[in-house]
Amino acid sequence: RALVVSLFFKSYLAISRKMCDAGITPPNAVPQKDLSGADKFHTATMRSSQLFERVASNQATHDPIGKPKVHVSALKQATGEAIYTDDIPRMDGELYLAFVLSTKAHAKITKLDASEALALEGVEAFSSAQDLTEHQNEVGPVFHDEYVFANGEVHCYGQIIGAIAAANQTLAQRAARLVRVEYLELQPVIVTIEQAIEHKSYFPDYPRFLTKGDVEKAFAEADHVYESSCRMGGQEHFYLETHAAVAVPRDSDELELFCSTQHPSEIQKLVAHVLSLPSNRIVCRAKRLGGGFGGKESRGMMVALPVALAAYRLQRPVRCMLDRDEDMVMTGTRHPFLFKYKVGFSKKGIISVCDIECYNNAGWSMDLSFSVLERAMYHFENCYRIPNVRVGGWVCKTNLPSNTAFRGFGGPQGMFAAEHIIRDVARIVDRNVLDVMQMNFYKTGDYTHYNQKLERFPIQRCFEDCIMQSQYYAKHAEITRFNWEHRWRNRGIALVPTKYGIAFGVMHLNQAGALINIYADGSVLLSHGAVEIGQGLNTKVIQCAARALGIPIELIHISETATDKVPNTSPTAATVGSDLNGMAVIDACEKLNKRLAPIKEALPQGTWQEWVNKPYFDRISLSATGFYATPEIGYHPETNPNARTYNYFTNGVGVSVVEIDCLTGDHQVLSTDIVMDIGSSINPAIDIGQIEGAF
């Protein structure tokens with residue numbers, strides 16, 4: 001109703017302005033401040049500039065590190081020639097898999113009848129929990145608390161109950177709609193965090209607490225104590241390529257799987273578990289993904305496992321690529337969070353203590369929610385030093401599709417709470433929020449609430465650079481003037497600093513492997529454990545190998561990520577892909593350099609081709625594996641208190657100007673300036689692309 005009145009008023013203003021311009025009504029019939037309420041937003045012409053460190057060029061050494069090299073598959077991707085999972089040509093006898101999904105949030109399945117679907121010509125099979133033992137049906141990335149197919153009970157709308165294999169996609173989806181499912185609805189149906197709190201619906205072993213300093217004493221001594229809460233909703237991943245998998249039986253007990261996943265090793269392990277085969281019979285391949293953002297770290301199993309099961313049982317190739325609506329219903333989102341906090345601070349605005357409760361909405365299964373919550377608990381203070389801290393975390397169990405990893409993995413949600421807190425403090429002590437931020441910033445040498453020393457912490461420099469480059473104060477003054485002159489349109493400016501810890505939260509994942517083969521013609525084939533999701537990882541890894549071997553990047557090729565080349569890999573996640581895999585590649589290159597050293601000494605004027613051709617005749621191996629494990633990490637308050645939680649931190653500061661139409665809520669981002677400290681960039685073009693893309 002409010003919107004209808006606003007639109008009516010907007011049209012009144014637009015007509016009044018035209019009548020004024022035409023001389024029908026006097027010029028001041030509608031006040032000047034009101035007239036801009038008639039305006040609509042128009043897409044502005046994009047203008048941008050990128051500033052980065054220029055690295056001196058030395059052609060003789062072929063060193064590409066620090067150069068803005070073009071993404072190795074950029075041209076293929078831009079022209080549509082790049083091959084994604086579903087672009088693999090159809091095979092003889094191939095079937096398509098379609099899912100039967102739950103239409104209830106919490107219910108018992110009383111009847112499951114696929115006879116009508118199976119009667120259709122071209123429908124080959126229907127799979128459900130009946131086709132697997134209880135042990136085979138239980139799956140999950142860490143805890144096996146999920147099912148390939150719902151086991152007599154559904155816990156969310158969109159849970160997989162069964163799967164139809166048929167001659168083509170249209171037929172399979174039509175047959176899936178004919179499968180009859182009858183339910184007995186169960187109570188309660190829990191959807192929100194508030195409902196979970198009301199019903200005490202938490203996963204076992206929660207809440208968990210982390211304490212630093214004397215919280216009660218600090219509250220007693222604080223000049224101001226303030227309590228509030230803030231919340232952050234979910235977010236759909238919306239990768240351009242939805243979940244997809246193609247499974248091909250290679251022998252009666254071998255299976256090859258092409259899968260759009262950030263974690264091929266996990267798909268291999270879970271397929272082996274469901275089919276009761278050893279992992280050496282399963283090969284999972286991923287050439288490239290059309291985006292992932294964390295949504296394909298653990299949820300790829302939802303499509304890959306039923307596809308693999310159907311291919312293995314029927315001994316025919318089977319394919320599935322989810323439609324967009326199926327993907328959005330089935331796969332979960334970023335974790336919604338609720339924070340309840342109590343903060344103590346001085347009259348100046350220096351924060352001395354914070355007691356905060358963090359609740360995340362995990363959905364119906366654990367997935368990676370425990371780790372997402374831990375990172376939020378470790379990032380709730382963002383860039384601000386708080387000497388006394390008590391942080392509690394609750395993983396809420398609800399009747400939603402299981403929420404999962406999403407860029408930042410709990411970090412952005414935690415930092416969101418910090419930015420609320422710092423603005424509350426500034427408002428109460430009546431000071432400029434930028435001054436309050438700077439007073440509370442961590443400095444080099446400070447310790448976080450999880451006992452990690454900040455060895456280098458350049459947030460102040462990022463802050464000052466961003467203020468200067470964005471012309472913050474000039475924009476602020478302009479916004480004040482604009483808001484005075486326009487009643488129905490308002491502009492605002494905000495600055496947000498960030499501190500993000502780089503490492504997997506689970507110790508054993510901080511490792512990577514690589515395999516390098518040098519061929520007699522001088523070309524190099526490189527394999528590593530991470531997946532190219534479009535982020536330019538392969539480009540960076542090729543640059544690392546080119547520097548280590550001292551050859552042009554044109555001689556190096558990465559074909560795909562496959563579990564038969566590099567085993568037991570970690571997911572491509574946590575912002576460590578190029579760190580871990582780049583180091584593993586360098587390790588392999590160093591082994592090859594040692595083998596080539598005597599030949600280079602004997603032929604100092606030789607070419608690369610001559611150097612790698614001779615070892616073949618001297619019977620020297622030009623294939624090497626590499627490995628890297630991040631050192632000195634794995635903090636645990638009891639068992640490993642001196643280790644670091646994160647390998648290092650990246651910092652950034654962003655300033656945005658936005659305009660809002662107060663009548664309709666329509667809004668537009670007018671400008672954004674971002675300063676990121678990422679150390680010495682391996683490839684500034686790729687890194688800037690990642691920063692802009694993430695924004």
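Helices (H or I, at least four residues) and strands (E, at least two) are DSSP runs, numbered from the N terminus. The model is predicted: local features need pLDDT of at least 70, side-chain atom pairs count only at pLDDT 80 or more, and totals for chains, interfaces and linings use all residues. Residues are numbered from 1 along each chain as its sequence is written, and side-chain values use heavy atoms, with hydrogens and water left out.

An unreviewed UniProt entry lists residues 79–187 as "domain: Aldehyde oxidase/xanthine dehydrogenase a/b hammerhead"; UniProt positions are given in the numbering used here, feature names are shortened, and annotations may be inferred rather than shown by experiment. The span is 17% helix and 36% strand, and its end C-alpha atoms lie 52 Å apart.

Grid points are joined across faces, edges and corners, and a volume is the space filled by probe spheres set on the points. Three cavities of 30 Å³ or more are found in the whole structure. The largest cavity has a volume of about 170 Å³. Its lining comprises 17 residues, with Glu 146, Tyr 147, Ile 160, Arg 299 and Met 302 the closest to the centre. At least two lining residues each come from β5 (146–147) and α10 (301–314), and α10 supplies the largest share, four residues. By class, the lining of the largest cavity holds twelve nonpolar, three polar and two charged residues (Ala, Val, Leu, Ile, Met, Phe, Trp, Tyr, Cys and Pro count as nonpolar, Asp, Glu, Lys and Arg as charged, and the others, Gly among them, as polar).

The second largest cavity, of about 70 Å³, is lined by 15 residues, and Gln 511, Ala 512, Ser 570, Pro 571 and Asn 581 lie nearest its centre. Strand β19 (511–518) and helix α18 (577–602) each supply at least two residues of this lining. Seven of the lining residues of the second largest cavity are nonpolar, eight polar and none charged.

The second largest pocket has a volume of about 1700 Å³. Ser 49, Thr 672, Asp 673, Ile 674 and Glu 692 are the closest to its centre among the 42 lining residues. Two or more residues of the lining are given by each of α15, β25 (667–677) and α20 (684–694), with β25 giving the most, ten residues. The lining of this pocket has 17 nonpolar, 16 polar and nine charged residues.

Thr 448 is placed in the loop between α14 (433–440) and α15 (459–470). Thr 448 counts as buried because its relative accessibility is 1% (buried means under 20% relative accessible area, exposed over 50%, partly exposed in between, with a 1.4 Å probe and protein chains only). Apart from neighbours within four places in sequence, Thr 448 is in contact (heavy atoms within 4.5 Å) with Lys 212, Glu 381, Tyr 442 and Leu 454.

Technical notes: 1 Å grid on protein atoms, 1.4 Å probe; cavity = no way out; pocket = protein on both sides within 12 Å on 5 of 7 lines; lining within 4 Å.
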